[in-house]
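Please open the structure in your viewer, with the sequence panel beside it, and follow the stops below in order.

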Amino acid sequence: MGTSEGWLIPTAKALRVTSTTRVGELDTNGTPGFEGGKSLGARLLEERGAVLSELQEKLFACARTTDEHRSVLLVLQGMDTAGKGGVVRHVIGHVDPQGVDHASFGVPTPEEKRHHYLWRVRRELPRKGQLGVFDRSHYEDVLVVRVHDLVPRTEWEARYDEINAFERDLVDSGTTLVKVAMFVSLDEQKARLAERLDRPDKYWKYNPGDVTERGFWPRYQEAYQAMLDRTSTEHAPWFVVPSDRKWYTRLAVTELLIDALERLELSWPPADFDVEAEKLRLARS
Ligand code: AMP
Ligand code: MG
């Protein structure tokens, strides 16, 4: 876990949830661990995006040439307008699309409702060698579901342990989880929703229900706190990313992914043919 340009301490260390993390007291406008502003952040995003891209290609290449099952899964959670889509576009956008398994989770369809809540999640897990991205996830089943009591309390209460066990199995089978909780302030969310109402190219993102959910803000904070307290584990820790500044969010997530991929200590697969002999053959062809 190195420290790259602009960072005073490694990103993962600056953002990892601790027992003293309090959702209600987060500085959502902060840039933990990072010394520098938007212009440095934007330059680094491009540079580090290229590094991320190469690491992802290595993961992909290794999967094609070995039996090892390794994949990385980025889990994005955050209130509406937190910038999950922006991370997909501006962070994952650096990576070759053929190496990405993307899934988003909305209100369950009638078919999904007939199954266990993890059913739809299991179907979208990244394949070997892939970088998976979840725009929302199984955590909705202890967030929106908890806030609105969409199932009885005893049922959602049991899910924290169940999710930990589920993720334990995932990790044991070779998937590295990078869980990112993105937090915007109530004011910043208001400004971003207002922008959606001011711009015809953003109407499609506006959902009147989002304003209704603002009324449940304290209950969401409580649900997010419980999620962090009960599902940040050694095998799959949460990272809390302040998200009022989009450039910071994107740079931070890039660094978290780079860190996760570097820990895999991947190397380019060696040639399974005689390189010199092939050069000769090619020259003569
Ligand atoms: P968006 O991400 O803006 O497309 O919105 C997706 C919506 O689906 C959000 O309002 C989520 O709270 C909602 N959602 C996602 N998963 C669930 C779930 N398991 N139960 C109920 N609502 C959900
Ligand atoms: Mg939305």
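By class, the second largest pocket is lined by 10 nonpolar, 4 polar and 6 charged residues, where Ala, Val, Leu, Ile, Met, Phe, Trp, Tyr, Cys and Pro count as nonpolar, Asp, Glu, Lys and Arg as charged, and the others, Gly among them, as polar. This is a predicted model, in which local features need pLDDT of at least 70 and side-chain atom pairs count only at pLDDT 80 or more, while totals for chains, interfaces and linings use all residues. Residues are numbered from 1 along each chain as its sequence is written, chains are lettered from A and ligands numbered from 1 in the order in which they are written, and side-chain values use heavy atoms, with hydrogens and water left out.

To centre the view on this pocket, select Thr176, Leu177, Pro237, Ala260 and Arg263, which are the closest to its centre among the 20 lining residues. The space in the second largest pocket is about 410 Å³. A pocket is found on a 1 Å grid over the protein atoms alone, as an open set of points with protein on both sides within 12 Å along at least five of seven lines; a cavity is a set where a 1.4 Å probe fits but cannot get out, and lining residues have an atom within 4 Å of a point. Grid points are joined across faces, edges and corners, and a volume is the space filled by probe spheres set on the points. Colour helix H1 (11-15), strand E4 (175-183) and helix H11 (246-263) next, since each supplies at least two residues of this lining; helices (H or I, at least four residues) and strands (E, at least two) are DSSP runs, numbered from the N terminus.

Now show the open sheet of 5 strands, whose order is E2-E3-E1-E4-E5 with parallel pairing, two strands being paired if DSSP finds at least two bridges between them. Its edge strands, E2 (100-104) and E5 (238-242), each pair on one side only.

Move on to ligand 1, whose surroundings include Asp80, Phe105, Arg120 and Leu150, each with a heavy atom within 4 Å of the ligand. A polar side-chain atom of arginine 136 lies 2.6 Å from a ligand 1 oxygen atom, and one of glutamate 140 lies 3.1 Å from an oxygen atom of ligand 1.

Finally, select Leu59, Cys62, Ala63, Thr66, Glu68, Arg70 and Leu266, which line the largest cavity, a space of about 40 Å³.

Key
Polar contact = N/O pair within 3.5 Å; in protein donor to acceptor, adjacent residues only side chain to side chain.
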